[in-house]
Amino acid sequence: MFFDKFNIRHNIAELLEYLWDVPTKEEEKGVYLNFLNFLINDSIYLLDESLNKILELKEIEAEMTNIVEWERRPAQEREERLRVFHQWENIVRFDMRLANEDVGMLAFTSEQIPAPFLLPEMVERVVSMLNYFLLQLSGPQRKSLTVKDPEKYEFKPKQLLKQIATIYVHISRGDKESVFPAAISKDGRAYNDQSSPTENRLL
């Protein structure tokens, strides 16, 4: 099972590369661009949903840590909070697993076919997504995402950051006209006074 996903990714990449390189069939290129758009949309939604839920999980964790105050609450209220806690745990675990896969696919395909990431209709969306991920995972609010057992939720911020950095590198290598850095500099989240040293090094 572990190696299956790499074989699947390889097959998908070969198919997408073929579709992109066929010069006479614009509809095939449209298929890839649609796929890329869906991948970007899904990645943003999944990561955003997961990170917001992590903050809510931390809130309930803090409530339960204060044992005296927790025990003072009515039993029904505690049961409801625990029910919500476990429900969100499952949601975060599922969404984060998918987010990891989507970002991994973006890293993989950006190495194989960087050209579509640099198209005028795509580059700003790609930059916005990457900078958003970067800000969430390495910006000032990153400390608020610290949880007791991140592996339990499939939350691997270092791995995500590494993959995001890899996507930056892959797209930059395929950029012959400096389209990518120009788009990065236009994005309001790229360089600002709130940027952490980690962000600036990656960008």
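**View 1. Helices α5 and α7 packed in the predicted model.** Here α5 (residues 120–138) sits against α7 (residues 179–186) at an angle of about 60°, and the two axes are 9 Å apart. That angle makes α5 oblique to α7, since only angles under 35 degrees would count as roughly parallel and the perpendicular class starts at 65. As for handedness, α5 and α7 cross in a right-handed way. The model shown in this and the other views is a predicted one.

View 2. On the α5 side, look for V123, V127, L130 and N131; their partners in α7 are V179, F180, A183 and I184. Sort the residues of this contact by class and you get seven nonpolar, one polar and no charged. As a reminder of helix geometry, an α-helix has 3.6 residues a turn, so residues three or four places apart point the same way.

**View 3. Helix α5 on its own.** How far apart are the end C-alpha atoms of α5? They are 27 Å apart, which agrees with the 27 Å that its 19 residues should span at 1.5 Å a residue. Of those 19 residues, 14 are buried, so α5 is largely enclosed by the rest of the structure.

**View 4. Helices α4 and α6 packed together.** Now α4 (residues 75–112) packs with α6 (residues 157–173) at an angle of about 25°, with 8 Å between the axes. The pair is therefore roughly parallel, and the crossing of α4 and α6 is left-handed. From α4, the contact draws on residues including M96, N100, V103 and E111, while α6 supplies Q159, L160 and H170, among others. By class, this contact has seven nonpolar, seven polar and one charged residues.

Key. Residues numbered from 1 in each chain as written. Predicted model: local features only at pLDDT ≥ 70, side-chain atom pairs only at ≥ 80, totals over all residues. Heavy atoms only, no water. Axes fitted to C-alpha atoms, helices over the stretch in contact; angles between N-to-C directions. Helix = DSSP H or I, 4+ residues; strand = E, 2+ residues; numbered from the N terminus. Parallel < 35°, antiparallel > 145°, perpendicular 65-115°, else oblique. Left-handed = near helix turned anticlockwise from the far one by under 90°. Contact = heavy atoms within 4.5 Å. Nonpolar A, V, L, I, M, F, W, Y, C, P; charged D, E, K, R; others polar. Expected span 1.5 Å × (residues − 1). Buried < 20%, exposed > 50% of the residue type's maximum accessible area, 1.4 Å probe, protein only.
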